[in-house]
Every structure is written in C-alpha cells, then in structure tokens.
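The sequence and the structure are shown first.

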Amino acid sequence: IPFLPFMAWALIHAGWMHLLLALINAHDWTMRYVTTFSTEVFSLLNSIIYFHKAVQELQRAHDNLSFAAFLYAIIGAIGTMLAAIFLSTAEKWKPLLHRYVRMGLAEYAAAISIIIFIGMPHVGELASLDRSTLHVSTSFKPSSPDRSVFFVQFWHLPVGWIFAAIVPGFIITVLFFFDHEVSSIICTIDRYGTKKPSG
C-alpha cells in the first residue's frame, strides 16, 4: 500500500475524531481521572525516549566523525544535561536575580542549555570540527523519485485501506488527546495559579 495516501487518510480520520471529542467536551470527563501522576509518567517516558535517541546519535557520531568531533559530541551531550539541571535550580538562587528572571531560567532550563550547546560548535576552534548534518536538496521537488507533486493524492487509495486507516487514526487521536490533557495539567498546576476552563 502507498504510505502517504494511507497516512493522509489516517490523519483525516484523526481529524473527525478530534472534532467529535471537542463536540462532546471530552476534556471535562477526562480531567476527573487524569492526575499529576500521569504527567510524571509522561515526562518519564519522554526522558527515556530522548535518552535512548541521544545514545543512538552518539553511536552514529562515533562511527562517522573524527575522534575530536566524537569527544565534543559527548561533552555537548553531558554539558547540555548538566546545564539544564543547574539552571532548573535557579528559583533557589534568591539573592542573585529578580524572582521572575529566576523563574524564567528554571522553566526554560532545557531550552537554554540546548541553545547554548547548539551554538557552541560554531564558535572559535570548534567550528573546524567535522560534523554530520542532514542532506539538503538543492532543487525544489519531492525527495521521492516516484512523486512529481508535493500534494498527496489521497483519493487514489482502495476503499478497504481507507477504512483500515481508521485504526492508526484512532491511535493518533488517543495519543494527541492524552498529550493535550497532560500538557493542560502541567500548565495548570497549583503553583501557577491558573485553571483551564471548560471547552
């Protein structure tokens, strides 16, 4: 089966399922049962996924880059983590900075550390290190030689596969809805003093 038309139908099905969830105001029902424990488990899952991805990228760097570039990749990975952990404690630096600055540093610790360690290899002698980058096409056309247009022609899929796409559409809807619920809980925890209204 062609992947892109099948995926397009899965997303079309996910779209009408999202509309249905919004029409029945499913958020009010689920907020009775989703707790902060769910947010902690979700955060743990994300952490495990990103840690595994980091290990894979370090293995790829070891295989494809020079030894110096590989060592910097390790320093960058550990440095990003340590900087994020250090900045996440900023709210406890009471006499140093204004409360809102400390809060901003603590809340955006991960983003700040990522930006620092992404920019660092472009400065000074580190800029001469070899690094692996994504292949970027010089022509404006689909990357697959089988396609001549960007628009996915989803209507060229057999009817049986259109109905089969309901299954991944349902999975996408559940994941997206749960992600939204968890994000709502994270953004409306008691220390922020906010409350999400009904839909």
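The sections below treat selected helices, their contacts and a few individual residues.

## Basis of the report

The structure is a predicted model. Packed helix pairs are described here by the angle between their axes and the distance between the axes.

## Helix 1 and the residue that follows

Helix 1 (3-23) contains 21 residues and reaches 30 Å from its first C-alpha to its last, close to the 30 Å expected at 1.5 Å a residue. Its buried residues are Pro5, Phe6, Ala8, Trp9, Ala10, His13, Ala14 and Met17. These buried residues pack against helix 7 (159-164) and helix 8 (166-187).

Asn25 lies in the loop between helix 1 and helix 2 (26-30). Just after helix 1, Asn25 adopts a positive phi of about 55 degrees, a positive value in a residue other than glycine. With a relative accessible area of 22%, Asn25 is partly exposed, because the buried class requires a value under 20%.

## Helix 8

The 22 residues of helix 8 should span 32 Å at 1.5 Å a residue, and the distance of 31 Å between its end C-alpha atoms agrees with this. Gly169, Thr173, Phe177, Glu181, Val182, Ser184 and Ile185 are the buried residues of helix 8. Helix 1, helix 2 and helix 3 are among the elements that cover them.

Ile166 belongs to helix 8 and is partly exposed, with 29% relative accessibility. Apart from its neighbours within four places in sequence, Ile166 is in contact with His13 and Met17. Ile166 and Met17 are separated by 149 residues in sequence, while their C-alpha atoms are 9.6 Å apart in space.

## Packing of helix 1 with helix 8

The axes of helix 1 and helix 8 are 7 Å apart, and the two helices pack at an angle of about 50 degrees. Helix 1 is therefore oblique to helix 8. The crossing of helix 1 and helix 8 is right-handed.

On the side of helix 1, the contact involves Phe6, Met7, Ala10, Leu11, His13, Ala14, Met17, His18 and Leu21. These residues meet Ile166, Pro168, Gly169, Phe170, Ile172, Thr173, Phe176 and Phe177 of helix 8. By class, the contact of helix 1 with helix 8 comprises 13 nonpolar, four polar and no charged residues.

## Packing of helix 3 with helix 4

The axes of helix 3 (residues 36-64) and helix 4 (residues 67-88) come within 9 Å and cross at roughly 165 degrees. Helix 3 is therefore roughly antiparallel to helix 4, since an angle over 145 degrees counts as such. Their crossing is right-handed.

Helix 3 contributes Leu58, Ala61 and His62 to the contact, and helix 4 contributes Phe70, Ala73, Ile74 and Ala77. By class, these are six nonpolar, one polar and no charged residues.

Ser113 is located in helix 6 (residues 109-119). Ser113 is buried, with a relative accessible area of 0%. Its contacts, leaving aside neighbours within four places in sequence, are with Thr80, Ala83 and Ala84.

Methods. Residues are numbered from 1 along each chain as its sequence is written. This is a predicted model: local features need pLDDT of at least 70, side-chain atom pairs count only at pLDDT 80 or more; totals for chains, interfaces and linings use all residues. Side-chain values use heavy atoms; hydrogens and water are left out. Helices (H or I, at least four residues) and strands (E, at least two) are DSSP runs, numbered from the N terminus. Buried means under 20% relative accessible area, exposed over 50%, partly exposed in between (1.4 Å probe, protein chains only). The expected span of a helix is 1.5 Å times one less than its number of residues. Contact means heavy atoms within 4.5 Å. Axes are lines fitted to C-alpha atoms, for helices over the stretch in contact, and angles run from 0 to 180 degrees between N-to-C directions. Angles under 35 degrees count as roughly parallel, over 145 as roughly antiparallel, 65 to 115 as roughly perpendicular and the rest as oblique. A crossing is left-handed if the near helix is turned anticlockwise from the far one by less than a right angle, and right-handed if clockwise. Ala, Val, Leu, Ile, Met, Phe, Trp, Tyr, Cys and Pro count as nonpolar, Asp, Glu, Lys and Arg as charged, and the others, Gly among them, as polar.
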